[in-house]
Amino acid sequence: MPQCPFCKNQITWLRFHYNEESYSDFSISKDKMPLIQSHHTLDGIIKDSEKFKCPYCNKILFKSRKIAEMFLKLPYNTQYLNLKELIQIIKNKMVVDNL
Ligand SMILES: [Zn+2]
């Protein structure tokens, strides 16, 4: 099971943050006040807005869904690796898996 490179807790899930494109109707009410109504969410996550954080210390670990996925699948202990080493190992593994 992989560990967070910062707080060293074992991680089985990550906190996934992202921005979604949405819009509302903007108008002026009868009493002349700006009014924002009916919130709509467009499908799709805004490009490059994805962040995967450690659920324990809330530090940003990854900004790529593929790397986050590979991290969660790591079968071994990663407690002695810093974030840079960890990402390098995952990227190397991605290359090997694609050969
Ligand atoms: Zn952590």
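User: Which residues in H2 do Ile67, Met70 and Phe71 in H1 meet?

Analyst: Residues are numbered from 1 along each chain as its sequence is written. The model is predicted, so that local features need pLDDT of at least 70 and side-chain atom pairs count only at pLDDT 80 or more, while totals for chains, interfaces and linings use all residues. Helices (H or I, at least four residues) and strands (E, at least two) are DSSP runs numbered from the N terminus, and two residues are in contact if their C-beta atoms, placed from the backbone, lie within 7 Å. In these terms, Ile67, Met70 and Phe71 in H1 meet, in H2, the residues Ile87, Ile90, Lys93 and Met94.

User: How are H1 and H2 oriented to each other?

Analyst: H1 (residues 65-73) and H2 (residues 83-97) pack at an angle of about 95°, with their axes 10 Å apart; axes are lines fitted to C-alpha atoms, for helices over the stretch in contact, and angles run from 0 to 180 degrees between N-to-C directions. Angles under 35 degrees count as roughly parallel, over 145 as roughly antiparallel, 65 to 115 as roughly perpendicular and the rest as oblique. The two helices are therefore roughly perpendicular.

User: Which strands stand at the edges of the open sheet of three strands?

Analyst: The open sheet has the order E1-E4-E5 with antiparallel pairing, where two strands pair if DSSP finds at least two bridges between them. A strand with a single partner has one side left without a neighbour in the sheet, so the edges are E1 (15-17) and E5 (60-62).

User: Is phenylalanine 16 buried, exposed or partly exposed?

Analyst: Phenylalanine 16 is found in strand E1. A residue is buried if 20 or more other C-beta atoms lie within 10 Å of its own, exposed if 12 or fewer, and partly exposed in between, with C-beta atoms placed from the backbone. Because phenylalanine 16 has 13 C-beta neighbours inside 10 Å, the residue counts as partly exposed.
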